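User: I would like to learn how to read a few local features in a structure, with the general idea before the particular case. Could we take them one at a time?

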Amino acid sequence: MRKSIKRFLYIITFFFLSLHVFSQNLIVGFGWGLISFQNNVIEKSGNTLLSYKVESDYHYSFFLKYIIPGTLIRFKGGYYHSEIKGAGIITNTNPSETRVPTNVRVDNRLKSLILGIEYLWIKGKFKPYVGLDMLFGAFDDADIFYEDKSGESIHKIYPSETRVGLGLSGGIGYNFFPGIELDINLHYGVLNLLGKKDYEDNITAIDLTVSIMFGI
């Protein structure tokens with residue numbers, strides 16, 4: 001019984017000591033930003049292709065960054081949630097059916113997990129950096145709205161899609177208060193570099209994010 005208690009106390013002590021060591025180099029934060037898609041998003045449902053241009057999009061995010069002690073390298077993990085609105089067309093790819101495109105409005109969401117690595121040029125009050133990211137993105141079911149020939153409103157859903165991409169980023173952090181950092185980041189990514197279907201083009205996007213980071 002005593003051995004079990006001692007073992008438990010050792011484990012708890014090791015856990016808190018490890019947490020203390022890691023937390024000295026760990027920052028977490030929340031961000032908000034705007035994203036600009038550089039080309040159309042293309043999705044497929046049965047024999048129809050949906051192609052739409054994103055007209056406006058914002059995102060909010062959560063980040064965690066850990067710097068390797070004694071280096072200028074830090075690891076990054078993050079989550080993005082983007083609200084997407086746009087306009088496009090639906091085209092039927094079946095040769096036996098009409099191919100007249102239908103104009104539609106699109107509401108969708110993009111959820112992304114990010115795993116990356118960053119290199120800090122310097123450590124100090126100002127921290128410029130560059131980074132490389134792996135992007136795991138999932139477009140939710142897309143809500144499509146249009147009117148048929150009789151003027152009746154139609155609502156259809158295109159199924160969700162999951163893609164893997166790569167991104168490059170650059171930014172600067174500023175410690176305006178001990179333990180609190182303002183982070184401004186510009187990111188360029190190809191969202192569907194892996195898992196792209198034969199009917200798709202590259203989906204590239206540029207986003208600007210402003211975050212408040214807190215040292216733990």
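**Reading a hairpin, a buried glycine and a pocket**

Analyst: In the hairpin of β2 and β3, which has 2 residues between the strands, Gly46 takes a positive phi near 65°. Helices (H or I, at least four residues) and strands (E, at least two) are DSSP runs, numbered from the N terminus. This is a predicted model, in which local features need pLDDT of at least 70 and side-chain atom pairs count only at pLDDT 80 or more, while totals for chains, interfaces and linings use all residues. Residues are numbered from 1 along each chain as its sequence is written, and side-chain values use heavy atoms, with hydrogens and water left out.

User: In which sense do β2 and β3 pair?

Analyst: Two strands pair if DSSP finds at least two bridges between them; here β2 (residues 41-45) and β3 are antiparallel over 5 bridges, and Ile42 stands opposite Ser51 in β3.

User: Is Gly167 buried or exposed?

Analyst: Buried means under 20% relative accessible area, exposed over 50%, and partly exposed in between (1.4 Å probe, protein chains only). Gly167, found in strand β9 (residues 161-177), is buried at 2%, and its C-alpha lies 6.5 Å from that of Met134, 33 residues away in sequence.

User: Which element gives the most to the lining of the largest pocket?

Analyst: Rolling a probe the size of a water molecule over the atoms shows where empty space is left. β3 gives the most to that lining, with 3 residues.
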